[in-house]
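Q: I'm new to this structure and would like to look closely at one part of it. Could you pick a spot and walk me through it and what surrounds it?

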Amino acid sequence: MDFVAVAIVIFAIVTLWKGVVTVPQGMEYTIERFGKYRATFSPGLHWLVPYIDGIGRKLSMMEQVLDVPSQEVITKDNAMVGVDGVVFFQILDAPKAAYEVQNLELATMQLTMTNLRTVMGSMDLDELLSQRDHINAKLLTVVDDATTPWGIKVTRIEIRDIRPPTDLVNAMGRQMKAEREKRANILEAEGFRAAAILKAEGERQAQILGAEGMKQEQILEAEGRREAAFRDAEAREREAEAEAKATTMVSQAIATGDVQAINYFVATKYIEALGQIATSPNEKLVLMPLEAGNVIGALGGIAELAKKAGVPTTPAAR
């Protein structure tokens, strides 16, 4: 009896233990009754009927990542490239993920690899290398639509690496080098052109400034000649006024019968005639009588006239 009682107690404890199910956070369990799906347990404490109900699948509801292995893809222009990537997905419907497909992760990875070849095989190598975001978006749309019946959501597909053949890499390197040399030559030519334009502009500005300077110099020179001519004219005017004044005085003296004035007039003309003879270009020896007394007398008459006119006759005044 004691053994039977102990066995019953142990059986009850095991039964009770088998009826308690604790689901951790981020997980969901499918419950099967005699092999048929009955319910889904979310995170927390749950009870089930022991020996009748059982846990079918334990599914992670968190976002998961699959590593897509490297594979060879032939592009539209017949270039063989190696490519690999990653797929991010999340289970949204646990029963579908558990019972609609066998080996969910393997099926998702194979589907991604197949569509990866299809999408990348329809593109040229240049498009393949330059439009990685476009490839990711197109793959995401195709794979997500195909996996929707499995109760999962493909959140992201990223192409991790694209490896062209070695000969294509070398050819692209040479092409890139040629393009850079071409751009360098263009920039150098544009620099020479800009320098030539600036030099021409500088020479033009220098010519303009030189012309302005010559113009200003000519203006200043003309102003100087004008000022000199004005001063010469003023000097001649004053000389003419003095000559007219002297002639008037001599004329008045002659009119009053002053012999000294006549002597002054005659002596002046006499001296001017002698000066013209001395400076003549066909200068020659001329013998003519000079009466020194008459000339001295005439000069004396000039001094006397100057005294009457109130003009000082000292050397300092002259």
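A: Val68 has Gly85 in strand β7 as its bridge partner. In that same strand β7, Gln64 is bridged to Phe89. Both pairs can be found with a simple numbering that starts from 1 along each chain as its sequence is written. Please keep in mind that this is a predicted model, in which local features need pLDDT of at least 70 and side-chain atom pairs count only at pLDDT 80 or more, while totals for chains, interfaces and linings use all residues, and side-chain values use heavy atoms, with hydrogens and water left out.

Now step back to the two strands. β6 covers residues 64-74 and β7 residues 80-91; they run antiparallel and are joined by nine bridges. Two strands are said to pair if DSSP finds at least two bridges between them; strands (E, at least two residues) and helices (H or I, at least four) are DSSP runs, numbered from the N terminus. Five residues lie between the strands of this hairpin, where Asn78 takes a positive phi near 65°.

Angles run from 0 to 180 degrees between N-to-C directions, and axes are lines fitted to C-alpha atoms, for helices over the stretch in contact.

Helix α3 (residues 104-121) also has a helical neighbour: its axis and that of α5 (residues 132-147) come within 10 Å and cross at roughly 135°. The two helices are therefore oblique to each other; angles under 35 degrees count as roughly parallel, over 145 as roughly antiparallel, 65 to 115 as roughly perpendicular, and the rest as oblique. Where do they touch? Residues of α3 including Leu111, Leu116 and Met120 meet residues of α5, among them Ile135, Val142 and Ala146, where contact means heavy atoms within 4.5 Å. By class, the contact of α3 with α5 has nine nonpolar, three polar and one charged residues. Here Ala, Val, Leu, Ile, Met, Phe, Trp, Tyr, Cys and Pro count as nonpolar, Asp, Glu, Lys and Arg as charged, and the others, Gly among them, as polar.

Finally, a word on confidence. The protein chain averages a pLDDT of 80, and 79% of the residues score at least 70; pLDDT is the predictor's confidence in each residue, from 0 to 100. Among the elements of the chain, β2 has the highest mean pLDDT (94) and helix α8 (residues 292-308) the lowest (51). Over residues 309-318, pLDDT stays under 50. Where pLDDT is low, the predicted coordinates should not be read in detail.
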